[in-house]
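Subject: Structure handover

Hi,

Here is the structure I promised to pass on to you. Have a look at it first, then read my notes below.

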Amino acid sequence: AIDGELAEAIQYMLSHQLQELALDEAAKNYKAPVNCDLLKVPVVNHQIWAQMGMPARAQEMKFQKVLKLLSAGITAVVKMIDPSNVADTHQDGLGFLCNAFFEINNIRRAAIRPVLNTSLASLCKPTNIPPQNLLFGGNLAKRVKECHEDVKTMALIKPGGKQGRRFSPYWKGANMDPGEGTSRSGFQFRNWQAASTKGKVPFSTRGRG
């Protein structure tokens, strides 16, 4: 259990809609760090935005609103962490929050999928490609061309072949060395992806002493 007054405050915030003006004002104090640009909420590429109707745009704006608050929350947590002494609780908290941010962006792409031509459906699949402040990446024309090429290739493949590797949300990222939970800066953090997932779950990669 946690402190009674703290629990009461959390219960209230979870069951009541907080004032949007107050949230926006508070979020101004927790802008994404300049060296962590992926914490900025990616916007929809203008080529795709132009094809979206009003209902789709309204839904997308709601997703962006939630992500802006989540980004501010992650930044607030980061500001409380001492890089020289990162506890397991901090690592777990950041892992949960960052994965929520990642998954919401995947949901945004999936929600936009009905707007796109069916040949471009793969653009909306979960991806580890950094969004670069654009939801579908900065090289959209190249990816569209690749989608068309993939459709042509798949038309030549007989059904029943081997399927590709299953997507896993717990990826190490470009800044991690293979098999290690270490960034290039030397900062140690949890390895969310076990070397072998057979009979394991991603959260069991480290024992609790």
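One term before we start: a residue is called buried when its relative accessible area is under 20%, exposed when that area is over 50%, and partly exposed in between. Also keep in mind that this is a predicted model.

Glutamate 60 and arginine 108 are both buried, and they form a salt bridge whose closest N and O atoms are 2.3 Å apart. Glutamate 60 sits in helix α4 and arginine 108 in helix α5 (residues 88–112), so this pair ties together parts of the chain that are 48 residues apart in sequence.

How many salt bridges does the structure hold? There are three. Another one joins glutamate 20 to lysine 65, with 3.4 Å between the closest N and O atoms. This pair also links distant parts of the chain: glutamate 20 belongs to helix α2 (residues 20–27) and lysine 65 to helix α4, 45 residues apart. Are these two residues buried or partly exposed? Glutamate 20 has a relative accessibility of 44%, so it counts as partly exposed, and lysine 65, at 40%, counts as partly exposed too.

Then there is the salt bridge between the side chains of glutamate 25 and lysine 28, at 3.4 Å from N to O. Glutamate 25 is partly exposed because its relative accessible area is 46%, while lysine 28 reaches 52% and so counts as exposed.

Next, please find serine 71. You'll see it in helix α4, which covers residues 54–80. Is serine 71 buried or exposed? Its relative accessible area is 6%, and because buried means under 20%, serine 71 is buried. What does its side chain reach? It reaches the backbone oxygen of leucine 39, at 2.7 Å. If you ignore neighbours within four places in sequence, serine 71 is in contact with Leu39 and Phe101.

Finally, turn to the surface. Ile2, Leu6, Ile10, Tyr12, Met13, Leu14 and Leu18 make a nonpolar patch of about 690 Å² there. One of these residues, leucine 14, is located in helix α1 (residues 4–15). Leucine 14 has a relative accessible area of 69%, so it is exposed.

That's what I have for you.

Cheers

Notes: Residues numbered from 1 in each chain as written. Predicted model: local features only at pLDDT ≥ 70, side-chain atom pairs only at ≥ 80, totals over all residues. Heavy atoms only, no water. Patch = residues over 30% accessible without salt bridge, like charges linked within 9 Å, V, L, I, M, F, W, Y side chains within 5 Å. Areas by Shrake-Rupley, 256 points an atom, 1.4 Å probe, with all protein chains shown as cover. Salt bridge = Lys/Arg side-chain N within 4 Å of Asp/Glu carboxyl O. Helix = DSSP H or I, 4+ residues; strand = E, 2+ residues; numbered from the N terminus. Buried < 20%, exposed > 50% of the residue type's maximum accessible area, 1.4 Å probe, protein only. Polar contact = N/O pair within 3.5 Å; in protein donor to acceptor, adjacent residues only side chain to side chain. Contact = heavy atoms within 4.5 Å.
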